[in-house]
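Student: Could you pick one part of this and walk me through it closely? I'd like one connected explanation, with the cut-offs spelled out as you go.

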Amino acid sequence: MNKYGAEFLGTFWLVLGGCGSAVLAAVFPGALGIGFHGVALAFGLTVLTMAFAVGHISGGHFNPAVSIGLWAGGRFPAAQLLPYIAAQVLGGLAAGGVLYLIVSGRADFSSIGDFASNGFGEHSPGKYSLQAALITEVVMTAFFLLIIMGATDKRAPAGFAPIAIGLALTLIHLISIPVTNTSVNPARSTGVAIYVGGWAVEQLWLFWVAPIIGAVIGALGYRMVAGEQR
């Protein structure tokens with residue numbers, strides 16, 4: 001149970017910190033908001049901090065696509081996939097609920113808006129198509145897994161993996177926020193989409209399918225490059 005609790009907490013912090021920065025601080029009336037750069041950094045910092053805090057307990061996945069990718073890469077047992085994914089999704093939903101309570105506490109509250117949900121077409125920040133969103137999410141998640149597997153390889157310098165992984169997630173957001181609002185994490189997408197409903201739930205399928213495909217590609221690609229045996 002310790003592993004699942006760590007995954008719950010790590011995903012909770014990722015969604016609250018990352019999506020919270022987008023919803024609460026990206027644009028702030030009367031002052032300079034943190035913008036895309038700040039949101040990208042916030043997502044990276046959530047993973048970096050929780051990987052150091054609880055990574056030694058659960059491995060610090062905080063992402064169903066990462067768990068599936070590590071399984072495909074021979075680093076994670078299939079028997080633990082469903083409990084890990086359940087803990088991650090529940091952590092994301094809990095964080096979304098806390099964020100909802102915060103947002104709805106504003107004196108002029110009328111709507112949560114897009115609530116940092118991921119989308120394509122009309123709901124993409126840059127109005128990018130379904131095809132563009134699919135390619136972006138697959139490629140970004142593939143490289144995320146490649147970096148995760150490389151940074152945690154026994155041959156890599158010890159103790160630095162959370163830094164590399166956190167910076168990788170920051171870079172991924174810098175590239176892809178304009179396209180999809182950046183998912184690469186089905187739990188992150190689900191954690192806020194459920195509260196928006198409508199279009200966010202209708203488009204949620206992409207932000208499960210594309211990250212999982214990308215994660216498997218990245219993990220298998222690393223195995224080929226690194227010469228790992230499953």
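Tutor: Asn181 counts as buried because its relative accessibility is 17% (buried means under 20% relative accessible area, exposed over 50%, and partly exposed in between, using a 1.4 Å probe and protein chains only). Before going on, note that this is a predicted model, where local features need pLDDT of at least 70, side-chain atom pairs count only at pLDDT 80 or more, and totals for chains, interfaces and linings use all residues. Residues are numbered from 1 along each chain as its sequence is written, and side-chain values use heavy atoms, with hydrogens and water left out.

Asn181 sits in the loop between α6 and α7 (helices are DSSP runs of H or I with at least four residues, strands are runs of E with at least two, and both are numbered from the N terminus). Its phi is positive, about 75°, although Asn181 is not a glycine. Most residues other than glycine have a negative phi. Phe62 also has a positive phi without being a glycine, with a value near 55°. You'll find Phe62 in the loop between α2 (35-58) and α3 (64-72), and a relative accessible area of 1% makes it buried.

Back to the loop that holds Asn181, with a helix on either side of it. On one side is helix α6, which covers residues 161-180 and includes Pro162. At 11% relative accessibility, Pro162 is buried. Leaving out residues up to four places away in sequence, Pro162 touches Leu48, Ala51 and Phe52 (contact means heavy atoms within 4.5 Å). Val47 is 115 residues from Pro162 in sequence, yet their C-alpha atoms are 7.3 Å apart in space.

Eight of its 11 residues are buried, so α7 is largely enclosed by the rest of the structure. The buried ones are Pro186, Ala187, Arg188, Ser189, Thr190, Gly191, Val192 and Ala193. Between them, the buried residues of α7 pack against α1, α2, α3, α4, α8 (199-202) and α9.

Let's take α4 from that list. Helix α4 (residues 81-103) packs against helix α7 (residues 186-196) at an angle of about 40°, and their axes are 8 Å apart (axes are lines fitted to C-alpha atoms, for helices over the stretch in contact, and angles run from 0 to 180 degrees between N-to-C directions). That makes α4 and α7 oblique to each other (under 35 degrees counts as roughly parallel, over 145 as roughly antiparallel, 65 to 115 as roughly perpendicular, and the rest as oblique). Their crossing is right-handed (right-handed if the near helix is turned clockwise from the far one by less than a right angle, left-handed if anticlockwise). From α4, the contact uses Gln88, Val89, Gly92, Leu93, Gly96, Gly97 and Tyr100, while α7 brings Ala187, Thr190, Gly191, Ile194 and Tyr195. Sorted by type, the residues of this contact are six nonpolar, six polar and no charged (Ala, Val, Leu, Ile, Met, Phe, Trp, Tyr, Cys and Pro count as nonpolar, Asp, Glu, Lys and Arg as charged, and the others, Gly among them, as polar).

Two tyrosines of that contact, Tyr100 and Tyr195, turn up again around Ile112, which touches Tyr100, Val103, Tyr195 and Val196 when residues up to four places away in sequence are not counted. Ile112 lies in the loop between α4 and α5 (130-151), and its 14% relative accessibility makes it buried.

The whole structure has six aromatic pairs (rings of Phe, Tyr and Trp, using its six-membered ring, pair if their centres lie within 6.5 Å; planes under 30 degrees apart count as stacked, over 60 as edge-to-face, and the rest as tilted). One of them is Tyr4 with Tyr84, an edge-to-face pair at 5.7 Å centre to centre with 90° between the planes. Tyr4 belongs to helix α1 (residues 2-25) and Tyr84 to helix α4, so this pair, 80 residues apart, links distant parts of the chain. Tyr4 is partly exposed at 24% relative accessibility, whereas Tyr84 is buried at 1%. Phe76 and Tyr84 also meet edge-to-face, because their planes are at 65°, with centres 4.7 Å apart. Phe76 and Tyr84 are both buried, and together with Tyr4 they form one aromatic cluster.
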